[in-house]
Structures are given as C-alpha cells and as structure tokens.
Amino acid sequence: MKIRGWLHGMKNVLLSIYALVTLYPLIWLFISAFKSNEEFYSRPFLLPTVWKWDNLVRAWKVSGMGLSLWNSTLVTVASLILTLVIGALAAYILSRFEFKLKPFFMGLFLLGMLIPIHSTLVPLFILMKKIGLLNTYGALIFPYTAFELPLAIFVIAAYLVTIPKEIEEAALIDGTGYWGIFFRMMMPLSMPAIATVGILGFLRFWNDFAFALVFISKPALKTVPLSLSAFATGYMTDYELTMAALLIAVLPTIIVFLLFQEQIMKGMTAGAVKG
C-alpha cells in the first residue's frame, strides 16, 4: 500500500510539472504584456517591477484591434457555420447510405486532406483576382471552408457510423423524413464530434496569417493576425505593445476552449472507444 501511495504521489507530481510546463507560455505572455521594453530584455522571466496596464489600451488603439476582432469573428463564424453544416450533411450521406460513387467521393475528400494548404496560395490568388473576390470577406471564408471540409467530414462520419441504424429505421417507420432524422436526431447525437471539428476549425481560422496576408490588403478588412504585425518593422519590434496585443488576441481562443472543453473531450474519447 505504501508503494502504491508513493507511485500515486509521484504521478501527481509529474502531472503537475507537465501542466506547469504546458501553461508557462501563457503565464509568460501575461507577465510580458505588462512590462516595458527595457524590462522585457533585462527581466524576461521575472515579474514586472511596475505593471503597465496602459499597454493594453495603447495596443488596442495602435493596432485597431476592435475592427480586427470584428473581422476575425465574422470570418471565423461564417466559415464555421458553412463547414459544420456542409460537413455534417456530407458525413451523414457518406456514413448512412450506400451508392456506387461513395468510394470515389471518400477518396476525393481524402485527397483534399493531403494537399498542402499554402501550396495553393498562388493559384487561389489568380482565381480570386479574376472573379473579383480579393479584398472581400469571401476571399477568406470560402478557402477556409474548403480546406476544413475534408477533416470535418471524416471526423463526423466516423462518429455517425457508431450510431445504430435501428434508431433511423424506427424514425422512418414513425413517418419522420430524412431531413427530420438529420436535424432532430443525427445532429444532436453527433454534437461531440461537431464540437471537436468546431474548435479545431476555430483555432485554424482565427490564427491564420498567410491567407489573410495574401488575399486582404484593405486596412478595413484586416484580421487579428494582420493587426499584430503593426508593431514590427524591418528594424525593431515594440515588444511591450506586441505582447499586450497577443494577450488580447489569445483570450477568445481560451474562452472558446473553456466553454466547449467537455464536448471536445466527449468527442475524442467516444472516437477512441467506438472507432
């Protein structure tokens, strides 16, 4: 019993150390956001002698963070809605129905997961210039949705396969149509998988820099990653404002994860056990 208690204590110590190492970058970011540039270099790992709370206000004004947050929120929410609705519908069809072209479509979506996203920047830029989508919200929403769909379809389809078909058959006997089955049964039952896809998509859309840099040049449409580049020039970086702006930018991702962490864990564990 003593050995078991000792091992349990060691496990708790190791897990605590791992948690501290994992959280330390966020702690360091929080501390650095309230330092001056001098303290950032001279005391990089220590608490600031004077907490400069005005860094947040200055970073908000200089970077135009309010407008950037609105643009990022609009693009991210629109991309997520399209990804989840289209992905869930496609996953439902591929997981619950049998038809001749099913292997072809599964292979097509698998191919979409294998294409490096950033290798498509040049052809996408040329295409969007020809159809007039550059410097619009659609220049980000449509590529984000297209590249996230393969992952969404495979994750949701893998979860839907685990749901017994008898539930569907009973609903059909009761007179429920396929649309009713999808929206009233399949969507609620697959919510853990949908939440997992949603949080992964949110992180990718919110933090993307390359697509926004190439497809957006209007200051009024810049997203959060683009606004963060306002503090860096070819000669120097204003770290006190950069860290403050980074702290503002990372807060939404932390809040979203905390709100949906239970659903995410359910989706991951269910996929591991049933899949």
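Author: Contact means heavy atoms within 4.5 Å. Helices are DSSP runs of H or I, at least four residues, numbered from the N terminus. This is a predicted model, in which local features need pLDDT of at least 70 and side-chain atom pairs pLDDT 80 or more, while totals for chains, interfaces and linings use all residues. Residues are numbered from 1 along each chain as its sequence is written, and side-chain values use heavy atoms, without hydrogens or water.

Reader: Which residues in helix 10 do Met-187, Pro-188 and Leu-189 in helix 9 meet?

Author: Helix 9 spans residues 178-189, and helix 10 covers 191-207. The partners that Met-187, Pro-188 and Leu-189 meet in helix 10 are Met-191, Pro-192 and Ile-194.

Reader: At what angle do helix 4 and helix 9 pack, and which residues of helix 9 make the contact?

Author: Helix 4 and helix 9 have axes 12 Å apart and pack at an angle of about 105 degrees. Helix 4 is therefore roughly perpendicular to helix 9. From helix 4, the contact is made by Ala-88, Leu-89, Tyr-92 and Arg-96. From helix 9, the residues are Tyr-178, Trp-179, Ile-181, Phe-182, Met-186 and Met-187.

Reader: Which elements are included in what covers the buried residues of helix 9?

Author: Buried means under 20% relative accessible area, exposed over 50%, and partly exposed in between, with a 1.4 Å probe and protein chains only. In helix 9, the buried residues are Gly-180, Ile-181, Phe-182, Met-185 and Met-186. What covers these residues includes helix 4, helix 7 (138-160) and helix 8 (165-173).

Reader: Is Thr-83 buried or exposed, and with what relative accessible area?

Author: Thr-83 lies in helix 4. Not counting residues up to four places away in sequence, Thr-83 touches Ala-88, Thr-145, Glu-148, Leu-149, Ala-152 and Phe-205. Thr-83 is buried, and its relative accessible area is 1%.

Reader: Which residues does Thr-145 touch, not counting residues up to four places away in sequence?

Author: Thr-145 is part of helix 7. The residue counts as buried, because its relative accessibility is 6%. With those sequence neighbours set aside, Thr-145 touches Ser-79, Leu-82 and Thr-83.

Reader: Why does Leu-200 count as partly exposed?

Author: Leu-200 is found in helix 10. Leaving aside neighbours within four places in sequence, Leu-200 is in contact with Glu-148 and Leu-151. Leu-200 counts as partly exposed because its relative accessibility is 37%.

Methods. Helix = DSSP H or I, 4+ residues; strand = E, 2+ residues; numbered from the N terminus. Axes fitted to C-alpha atoms, helices over the stretch in contact; angles between N-to-C directions. Parallel < 35°, antiparallel > 145°, perpendicular 65-115°, else oblique.
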